[in-house]
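Student: Hey, I've never looked at this one before. Can you walk me through it?

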Amino acid sequence: MKPLRLALITRRYWPLMGGAEGAMANLACQLQEMGHHVEIVTAQWHPAWPRQIVHQGVPVTRIPNPPIRAWGTLRYMMSLGRWLRQHQGRFDVVYVSMLKHSATVAVTRFKNSPLPVVLRAEGPGESGDCHWQTVANFGMRIRRVCQESTAVVATSREIEQELLDAQYDRDKVHFIANGVRVGAVATPESRLLARENLAAANPALALPESAPLVLFTGRLHPGKGLLKLVKTWPNVLARVPNARLYLVGEGPQEGELRGMISALGLQSRIILPGVFDNVEDLLHAANAFVLPSHFEGMSYSLMEAMSVGLPVIVSDIPGNRGIIEHGVTGTLFPLENPQVMADQIIHALVQPRQAELLGQAAREAVVARHSLQANAQQHVDFFRELLERQR
């Protein structure tokens with residue numbers, strides 16, 4: 001069967017990587033490995049960044065996006081529209097991450113064209129696209145445009161319901177759960193090697209072999225519940241004095257987090273190492289993974305941690321309950337009680353054998369239900385179905 005030619009549009013991309021961007025990057029890689037032709041189109045957030053790069057084997061084109069709030073968005077939208085007009089013959093499907101400005105440009109550009117424009121809704125609740133459309137400037141106008149797309153992919157059942165509640169056409173909403181690339185399982189040997197690699201790359205990340213590490217990866221965003229995690233870390237240290245916490249990522253709450261860490265005197269115990277292109281070494285270096293989010297769809301970061309066999313401690317919210325079975329593939333804690341989160345972290349660190357069993361079950365669940373290969377094939381099948389409909 002003829003390979004697909006796909007344009008994947010995401011305004012944020014490497015080196016600005018969160019869960020949504022990581023999911024898009026890995027999907028692009030997997031689609032290319034399957035023989036399809038993929039190109040990432042993103043924003044050039046800094047004028048010094050090259051316009052053309054190759055990231056993980058996938059070509060990336062950056063569209064001008066001046067660092068001036070309103071003008072930058074307008075310039076990006078105009079430039080993206082021109083680029084799509086110039087290159088529309090190169091693609092069979094345009095796939096856009098987030099129901100925001102990029103989606104508006106793509107849907108408008110191909111409104112009277114047979115080229116399918118598929119949107120991908122990212123995130124539920126207050127951090128999600130549907131909520132953003134209700135509070136952003138011109139958000140409801142953007143929603144009306146997005147509703148005219150060929151289709152919208154929901155990556156969780158919660159997001160799917162939000163789309164329907166927002167009056168998106170039921171026949172256009174299609175559920176495809178996130179998938180994750182399953183690599184090698186974490187072992188004591190791989191933990192030691194990963195820590196050596198991290199220390200060699202950045203001496204600030206050097207860890208004693210005996211120091212247990214708890215990891216968070218994702219956007220440093222208020223919806224992630226990270227302030228509660230930092231506040232309760234002294235309770236963890238009371239039981240496990242040499243424990244470390246890495247908050248890996250970037251986002252609008254970074255300054256506030258650094259201020260709180262400094263005020264609590266935790267600079268040597270909680271590290272914000274920034275963004276990593278590949279979190280494999282971080283996952284293998286860790287003893288546990290924590291996700292205290294207020295809202296999640298189907299968290300890519302969580303599934304990455306599960307895929308290497310890490311024990312996971314996550315907030316008891318619908319998105320996480322869709323992935324984690326409490327006491328079987330991880331532990332859930334109530335959002336209103338961060339002390340329970342601290343207790344569960346302590347338990348994972350002082351009872352490593354029980355934590356290992358939870359991690360093994362988590363990995364088995366991801367392999368069975370959320371592989372990247374299956375996710376990519378679902379996308380291909382859906383895209384071909386849309387193309388057949390258009391014909």
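This is a predicted model: local features need pLDDT of at least 70, side-chain atom pairs count only at pLDDT 80 or more; totals for chains, interfaces and linings use all residues.

Student: Okay, α8 then. What span should its 14 residues have?

Tutor: Helix α8 covers residues 226-239 and should span 20 Å at 1.5 Å a residue, and its end C-alpha atoms are 20 Å apart, which agrees. The expected span is 1.5 Å times one less than the number of residues. Helices here are DSSP runs (H or I, at least four residues) and strands are too (E, at least two), numbered from the N terminus.

Student: Where does α8 bend?

Tutor: At Thr232, by about 35 degrees, and Pro234 follows within four residues. The bend is the angle between axes fitted to the seven residues ending at a residue and the seven starting there.

Student: And which residues of α8 are buried?

Tutor: Leu226, Leu227, Leu229, Val230, Thr232, Trp233, Val236 and Leu237. Buried means under 20% relative accessible area, exposed means over 50%, and partly exposed is in between (1.4 Å probe, protein chains only).

Student: What do those buried residues pack against?

Tutor: Their partners include the strands β9 (213-217) and β10 (244-248), plus the helices α9 (254-263) and α13 (338-350). Contact means heavy atoms within 4.5 Å.

Student: New topic: how do α1 and α11 cross?

Tutor: The axes of α1 (residues 19-33) and α11 (residues 300-307) cross at roughly 65 degrees and come within 8 Å. Gly19, Gly22, Ala23 and Asn26 of α1 make the contact with Tyr300, Ser301 and Glu304 of α11. The axes are lines fitted to C-alpha atoms, for helices over the stretch in contact, with angles from 0 to 180 degrees between N-to-C directions.

Student: How many disulfides are there?

Tutor: The count is zero, where a disulfide is a pair of cysteine sulfur atoms within 2.5 Å.

Student: Now the loops. Which residues does a cis peptide bond join?

Tutor: Trp14 and Pro15, with omega about 10 degrees. Pro15 sits in the loop between β1 (5-9) and α1. Most residues other than glycine have a negative phi, and most peptide bonds are trans.

Student: What about Met98, is its phi positive or negative?

Tutor: Positive, about 80 degrees, although Met98 is not a glycine. Met98 lies in the loop between β5 (93-97) and α3 (101-109). Gln167 also has a positive phi, near 75 degrees, and is exposed, with a relative accessible area of 62%.

Student: How far apart are Arg12 and Met98?

Tutor: They are 86 residues apart in sequence and 9.9 Å apart in space, C-alpha to C-alpha. Arg12 is in the loop between β1 and α1 and is buried, with a relative accessible area of 18%. Leaving aside neighbours within four places in sequence, Arg12 is in contact with Met17, Glu21, Thr42, Trp45, Arg219 and Glu250.

Definitions and conventions. Residues are numbered from 1 along each chain as its sequence is written. Side-chain values use heavy atoms; hydrogens and water are left out.
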